[in-house]
Amino acid sequence: MLPATFKLFAGISYRHTRNMTGLRKNAIEAIHHELNRLAGPGPSNWISQVRRRSSLLSSRIEEEEGYNEEEMSYLKQGEDALQKAISILSEQDGWTIEIVAANGDKVLSKVLPDIGKVFKLEVMLEQHSDNLYEELVGNMEQMGEWNPNVKQVKILQKIGQDTMVTHEVSAGTPGNVVGPRDFVSVRCAKRRGSTCFLAGMSTQHTKMPEQRGVVRAENGPTCIVMKPCAEDPNKTKFTWLLSIDLKGWIPKTIINKVLSQTQVDFANHLRQRMADNVSMEMAHTC
């Protein structure tokens, strides 16, 4: 079931957008507080950037005066997803281990009111967080090239620098235990100092109504957090919060196994993709 806040800001009623400036300011302040907490101690470029630009809140609100009601709705949905996700990740208690791989990759789960069961992948990647951010955000539409669990990712609309609406199509599981699913999501990408965030949740978009023969699943809040390792900045602590409703009549035991294994597989596919990128760069320099 989608959170009530998503329904409020999903564009069902646009009369609220007259007060959107005040709502946006409150949301931004709350997000900044939580991002600080999740990013952890240490120097941050965020505050200096705010000072150099006089006021981040003022500049963001002024920038968004040119957005229409639909765009403002997507901006609010993205920030709502980010705030909810980082609030979940900030709570360390109550997580149950689902999988611990031989290489140390770990998937945990937790049941939350109004959301249901969420999964959290925790891995250490031997990659700089900037490279991972570029691959997952800058090259988002190429994910189907290296992740066999994904058929396609397409950006339907970009709103400002941080927010986009995407359409994703997943591949079916072996034996078609879980068939292909598609998602329409609003995504919000942020940087807090050296820590990167990519949050999202389900939405609707006129360019992509439900497709015949494909089950429209729902996700969110979801969030990927990429934080440089304190001992080695060329390594990244990678956390992926996954909340998803696959729809259809699928036993929970199968859903739990599929989702947790999908997260482990994703980490391995991402490692291989980054290794291939390095190999290609070295070949070009020779």
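The legends below describe close-up views of a predicted model.

Residues are numbered from 1 along each chain as its sequence is written, and side-chain values use heavy atoms, with hydrogens and water left out.

**View 1. Overall fold of the protein chain.** The chain has 8 helices and 12 strands (DSSP runs numbered from the N terminus: helices H or I of at least four residues, strands E of at least two). Of its 286 residues, 48% count as buried (under 20% relative accessible area, with exposed over 50% and partly exposed in between; 1.4 Å probe, protein chains only). Among contacts (heavy atoms within 4.5 Å) with a separation of 6 or more, 62% are accounted for by residues 24 or more positions apart.

**View 2. The aromatic pair of Trp146 and Phe266.** The count of aromatic pairs comes to 3 (rings of Phe, Tyr and Trp, the last by its six-membered ring, with centres within 6.5 Å; planes under 30 degrees apart are stacked, over 60 edge-to-face and the rest tilted). Trp146 and Phe266 form a tilted pair, 5.8 Å centre to centre with 50° between the planes. This pair links distant parts of the chain, as Trp146 lies in helix H7 (residues 143–146) and Phe266 in helix H8 (residues 252–285), 120 residues apart. Both Trp146 and Phe266 are buried.

**View 3. Surroundings of Phe266 in the largest nonpolar core.** A nonpolar core is a set of buried Ala, Val, Leu, Ile, Met, Phe, Trp, Tyr and Cys residues joined through side-chain atoms within 4.5 Å. The largest has 34 residues, of which Leu136, Met226, Phe238, Phe266 and Leu270 touch the most other members. Helix H8 gives the largest share, 8 residues. Setting aside residues up to four places away in sequence, Phe266 touches Leu136, Met143, Trp146, Asn147, Phe238 and Trp240. A second, separate core of 15 residues includes Ala85, Leu108, Cys188 and Leu241.

**View 4. Charged side chains over aromatic rings.** A charge sits over a ring if NZ of Lys or CZ of Arg is within 6 Å of the ring centre and within 35 degrees of the ring normal. The charged end of Lys120 sits over the ring of Trp95, 4.2 Å from its centre. For Arg191, the charged end lies over the ring of Tyr133, 4.0 Å from the ring centre.

Methods: This is a predicted model: local features need pLDDT of at least 70, side-chain atom pairs count only at pLDDT 80 or more; totals for chains, interfaces and linings use all residues.
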